[in-house]
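Reader: I would like a close look at a single part of this model. Please go through it slowly and then show me where it sits among the rest.

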Amino acid sequence: MLLNPNLKFARMILITWKVDLIMIALCIVAYWVEVHVLKEYVHIPAAIPTLMGTAIAFFVGFNNNQAYDRWWEARTIWGGIVNDSRSWTRSVLFYSLGAQTDSKLFSDRFDEAQAIPYRMIKRHLSFLYALKRSLRGSGEEDYKTYLEEADQKTVARFTNIPSALLDLQNQDLQLLRERNQVDGYAFLALNDLIVRFSDGMGKCERIKTTVFPVTYIYFTRVFIWMLITLLTMVIADEAGAWSIALGWLVGFVFHVTHINGLSLMNPFDGNPASISLNAIVRTIEINTLETLKNPQVPAPVEAVNGEYIL
Amino acid sequence: MLLNPNLKFARMILITWKVDLIMIALCIVAYWVEVHVLKEYVHIPAAIPTLMGTAIAFFVGFNNNQAYDRWWEARTIWGGIVNDSRSWTRSVLFYSLGAQTDSKLFSDRFDEAQAIPYRMIKRHLSFLYALKRSLRGSGEEDYKTYLEEADQKTVARFTNIPSALLDLQNQDLQLLRERNQVDGYAFLALNDLIVRFSDGMGKCERIKTTVFPVTYIYFTRVFIWMLITLLTMVIADEAGAWSIALGWLVGFVFHVTHINGLSLMNPFDGNPASISLNAIVRTIEINTLETLKNPQVPAPVEAVNGEYIL
Amino acid sequence: MLLNPNLKFARMILITWKVDLIMIALCIVAYWVEVHVLKEYVHIPAAIPTLMGTAIAFFVGFNNNQAYDRWWEARTIWGGIVNDSRSWTRSVLFYSLGAQTDSKLFSDRFDEAQAIPYRMIKRHLSFLYALKRSLRGSGEEDYKTYLEEADQKTVARFTNIPSALLDLQNQDLQLLRERNQVDGYAFLALNDLIVRFSDGMGKCERIKTTVFPVTYIYFTRVFIWMLITLLTMVIADEAGAWSIALGWLVGFVFHVTHINGLSLMNPFDGNPASISLNAIVRTIEINTLETLKNPQVPAPVEAVNGEYIL
Amino acid sequence: MLLNPNLKFARMILITWKVDLIMIALCIVAYWVEVHVLKEYVHIPAAIPTLMGTAIAFFVGFNNNQAYDRWWEARTIWGGIVNDSRSWTRSVLFYSLGAQTDSKLFSDRFDEAQAIPYRMIKRHLSFLYALKRSLRGSGEEDYKTYLEEADQKTVARFTNIPSALLDLQNQDLQLLRERNQVDGYAFLALNDLIVRFSDGMGKCERIKTTVFPVTYIYFTRVFIWMLITLLTMVIADEAGAWSIALGWLVGFVFHVTHINGLSLMNPFDGNPASISLNAIVRTIEINTLETLKNPQVPAPVEAVNGEYIL
Amino acid sequence: MLLNPNLKFARMILITWKVDLIMIALCIVAYWVEVHVLKEYVHIPAAIPTLMGTAIAFFVGFNNNQAYDRWWEARTIWGGIVNDSRSWTRSVLFYSLGAQTDSKLFSDRFDEAQAIPYRMIKRHLSFLYALKRSLRGSGEEDYKTYLEEADQKTVARFTNIPSALLDLQNQDLQLLRERNQVDGYAFLALNDLIVRFSDGMGKCERIKTTVFPVTYIYFTRVFIWMLITLLTMVIADEAGAWSIALGWLVGFVFHVTHINGLSLMNPFDGNPASISLNAIVRTIEINTLETLKNPQVPAPVEAVNGEYIL
């Protein structure tokens, strides 16, 4: 997530330089061909690039709208996971250990009654780290920090680790129920939260694994190349060699818009415009540990170069 | 689902060749008529194709938006089915067999208490394969793999096999309840999941059986023919025979956009842009079998030609 | 619901002939007035119709978007009713009669325990037919087919028959509960379905009884007449008598789009583009009767002239 | 809610006359200034109004979309209240009085067991009238018709009467529960409906109390004045005094669209385009009284002048 | 929330003066450069700013749509919190203290049975003030007004105070359950409300902490500068020094639209266009205290200068 609306000039160049070079090259070729080859044989009416512009503006706009929707939906899903995570911690804690729990938290020794809920709360942090890892496609192992060794072994043989962790949560919930540590009503409330975590996880996977229809991205690019080629030719007579610069300028507007959309399209990618999963997961971690009166609360995630948060 | 934003040139031709030929033929005819017949009698002002372009751009855009929405809704429904399927497996397992189940899984012999939940979990895989089959309209019989013979006979006389399988799930849930293998609270949670599967199934059927209003598709095509005919005539004087190529170029932009929309309109069709049901169902299958500690987990679905996943 | 994207030419004429005649008459008058009256006194700049075109394109687009949304929402509501209807049949059946019910279905005689659930399931089919009747505004009495005589008498004095039928369903659900044929949990699940039917019914009524803001429809028509009048006058000099045809052509594009929207605006009307309620209700009927092992399952609804399904 | 798409000419004038006068005055001034003052000093290129037109068309379109969404959301909320009201009547009745209630309804004397549910059902009608009153900002006292005197006194000291009525509903629901007239499951179902009424009420208040961002409305008007001023000046040379009429014509299209949006923006206002709360509340009243076998059912609300329903 | 659609002229200047100055400066420079430097070397065709206008109009429109959606979503979330807050007060009161509570409210002394629900209701007001404080980023301590000292100490060590307050609510709910002051069904209803408060809080935080993709804001500004620079140059010949004014005028339309969007983008900021949290929280406070028969009900929030409500 980029933080500063006054983009550094360096970043702007970073974002556009590749496309700029291609466009300038294209405009030069188009200008040369128009002036030295086509001029005498063909005259392209100005209506052509104008008419094409309408359709292309739609394409670019359509891509941007859908990309933004994917990005915002991804953010909303994680927002939901944040909220439910807080509900999870407080529900597991008080419903299984009773209202007087608070005063006993983190005494040096705790009996088995406390062991299960604590395990479930910490395992949830592990679930979040594992989900982040699978969405980012990184190989980080930090999800193991909050996971007991037995659990680590259990999940190792699963393709989908976050899902396997939810299996364990359901198992422990059933255990609480069998030990009568929670009654049927609390069981319903906690089960509902697990279903919602499963839902949130699956929604993230949907966004990650569903490629945006590639024909839209591909043809948009092709159409923009066509547009600036034609435009440069159309204005070559009137503007001379400056038509190269002007063709590039128009292409710049269309292409940068298109690139902006692309940067939001895969919101879990880990590029500067992506959802800041690191910061979100850390926030939940801090909230949870504070509720558990854990004295070692980590610091919030810092911005990279003061520019963006991952 | 197409995978690679750098479409192979062959696929691009495959997508557009039919429409290209028609458009070029149309432009040639329009050019010939304009030059040899109409020229002396009628002069078409350039404002006409421009004005028409606005309305047509809306039509094409409208179709594309609605088509994308159908496609994304279809994907979202299946995403929901994935999530609920995982919840189903873990809920049936632990709520009916108890928290210690895990250690006993897939021993060589199991008593009747285990038989029912196992049947319900496997029957759910069958439900997914049957649903996929009915949406794709294929005749595949692979839904029988996970279905006991008695069930196969029962569902044979039904028009709608996935729905019949859900009937059986409800029946077994009632059985669990009568045997007191699940209590009322777990009953509620499991019943809720069956209702959601019924919902997901019905939503898919709605998308499959509801034809997109055909007047939109039909008139869009008619309008694009009208546009490029008029455009070719309008620019014939100025651009000469090149107006054929330019008319085609503008038509190409409009028509390809329109075709892109059409390819998303029926997302269960089985064309390269469709929802990759094979891959999705296989993913659930793998997750489920891993939870059941089944040693024979199938491999994920491979991309066809490295181009798309069905 | 129209089925075939290749509209028959006859239907295309059927859809547009009225508007075509009006537009051609209007263009002739505009042309005559321009040439014989206004020519010497007033010159209308071409920027005027172009500017107006932008605003009108928005109007037409806006109407179409909202009309499509009404149509798709209507379809979605009925899709939801389909899904919940299936859940209703299987839930009533198994939760009130037990898991072994299936083998006993449709024996020649059944005791009172079976009578109530059967009545509830059949009354639901009656509810669907009554809802369809009230939405279509037809006087069909086919909702009585599945309704016991006592019920027929009871609902006769109600303004809103589908709602009265739901009253009876609630009454029977309470009866099941009093007879201890369903426990509290199944009661909750069934009550939830009745609430959803009430919801679906009310949503349909909302769409049916809420007139689309008429100012939009009215002024769109007025604006299109204004546009083609001005356009014909603007191009009269350049295009001569052909300006009548060209004015009509542009009007055709705008007006047909507008008409397409209108045909979706009242999705329960019973015109060829409406929601195919007959087919949907029949589908539920078939599914329900198959679940009840009823040997007399009716055939699906046929397309009218192979063109559309009502 | 306006009923007839063929607006009476009188209404069309009623809607637009104010704006028409202002625009004509503005165009006359612009024309006079252009011809007598600016002509020699400044020439405004035609590209200026065209470019401005694009941005303004967006503004107007944006306002209309959001206004329509507010209007449709308001209608949807009330649609939900209708559905839940029916569920409320039948649930309160049968769940608290039992399945045999129907035959005993409206006997001349009823015991206390019947008194509470009857009070709750009638108080709900009172809630609807009170909510309508508070949304319309009218001082009507008709909400007292269905309210016992004790209740009337209780709610008198509250700022928000509909909310106070829901307080009383919750109190009575608790009373039913304490008297064991409803069990826990029916309690949950009824409590859920009260929460939904609270939700519906709050959503209406949100729409009523949230002013649409006024900068949009203000600047849209300013921009349209700017557009037609410039346009009249641009075409003054070409069209002469007719440019006043043409400027007005273009302004008419933009402004009427804008006004259409404004009329939907505050859907509880009580203007002819508003949500027809009178008719909706009456419909619920009729349905409820019929269910209670009340012989005095009022007639549906009539259209005002056959033009619109309030 | 601004109240008056007739903006004071002073506010209009306040909103736009900065951008106006920059634009006028830019136009002057562009005009000077065109006339004194570029005129002889380069001629910019009018098609360039027109084509750019299309893409930029999309950008501005896109930003506005998304900004409005954020603003309206924020308002909707708080609307939901209002509704649930009323449900909370009445549910806690009657479900834990019984239906006869009303008559005993605010007697001078109350036993412990009353103490807990009263604490929960007041703590909810505290939650609202704390949430407002954290969203506005203000340092106000008014959330302590309704908070017992013990609670004040408990929450002091938390980063996220509203979340810590919800922890306490869950603890007290568990206490009520342990004391059998609420049964399982009421427990479910109250737990559900706490989950919804957690949800609402998290949704607000999501909107607050998620920066709108800055590339959109940045490039929109850059593109508008580019557009008016080019436009001024294009019309310099035709309009002379007036092209500075005309360039500014077009820029004014685009930029003001853009600024309008920006003012809605961060709806919790505390600028005049923001969500009026003060007023909303006060409304809930008034409703709650009236229900508790508290004689000291504060007055509603007043508008600032009669212009806007915070």
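Reader: Are α2(D) and α9(D) roughly parallel or roughly perpendicular to each other?

Author: The model is a predicted one. In chain D, helix α2 covers residues 47–97 and helix α9 covers residues 242–265. The two helices pack with their axes 8 Å apart, at an angle of about 25 degrees. An angle under 35 degrees counts as roughly parallel, and α2(D) and α9(D) are therefore roughly parallel to each other. Their crossing is left-handed.

The residues that make the contact can be named on both sides. From α2(D) come D:Gly53, D:Ile56, D:Ala57, D:Val60, D:Asn63, D:Asn64, D:Ala67, D:Tyr68, D:Arg70 and D:Trp71. They meet D:Phe254, D:Thr257, D:His258, D:Asn260, D:Gly261, D:Leu264 and D:Met265 of α9(D). Sorted by class, the contact of α2(D) with α9(D) has 9 nonpolar, 7 polar and 1 charged residues.

Helix α2 of chain A (residues 47–97) and helix α9 of chain A (residues 242–265) pack at about 25 degrees, and their axes are 8 Å apart. α2(A) and α9(A) are therefore roughly parallel to each other, and their crossing is left-handed. On the α2(A) side the contact includes A:Gly53, A:Ile56 and A:Trp71, and on the α9(A) side it includes A:Phe254 and A:Met265. The residues of this contact divide into 9 nonpolar, 7 polar and 1 charged.

The crossing of α2(C) and α9(C) is left-handed. Among the residues that meet are C:Val60, C:Asn63 and C:Tyr68 in α2(C), with C:Thr257, C:His258 and C:Leu264 in α9(C). The contact of α2(C) with α9(C) has 9 nonpolar, 7 polar and 1 charged residues.

Back in chain D, another pair of helices is linked by aromatic rings. Over all chains, the structure holds 80 aromatic pairs. In one of them, the rings of D:Phe127 and D:Phe197 have centres 6.1 Å apart and planes at 55 degrees, so the pair is tilted. D:Phe127 belongs to helix α4 of chain D (residues 112–136) and D:Phe197 to helix α7 of chain D (residues 184–209). The two residues are 70 residues apart, and the pair links distant parts of the chain.

Chain B is superposed on chain A by a rotation of 72 degrees with 0.0 Å of shift along its axis, and the RMSD is 0.0 Å. These copies also use different surfaces: 3% of the contact residues of chain B recur in chain A.

Some chains have no contact with one another. Chain B does not touch chain D, and their nearest C-alpha atoms are 12 Å apart. Chain B and chain E do not touch either, with their nearest C-alpha atoms 12 Å apart.

Methods. Residues numbered from 1 in each chain as written. Chains lettered and ligands numbered in written order. Predicted model: local features only at pLDDT ≥ 70, side-chain atom pairs only at ≥ 80, totals over all residues. Heavy atoms only, no water. Axes fitted to C-alpha atoms, helices over the stretch in contact; angles between N-to-C directions. Helix = DSSP H or I, 4+ residues; strand = E, 2+ residues; numbered from the N terminus. Parallel < 35°, antiparallel > 145°, perpendicular 65-115°, else oblique. Left-handed = near helix turned anticlockwise from the far one by under 90°. Contact = heavy atoms within 4.5 Å. Nonpolar A, V, L, I, M, F, W, Y, C, P; charged D, E, K, R; others polar. Phe/Tyr/Trp six-rings, centres within 6.5 Å; stacked < 30°, edge-to-face > 60°. Least-squares fit on C-alpha atoms with pLDDT ≥ 70 in both.
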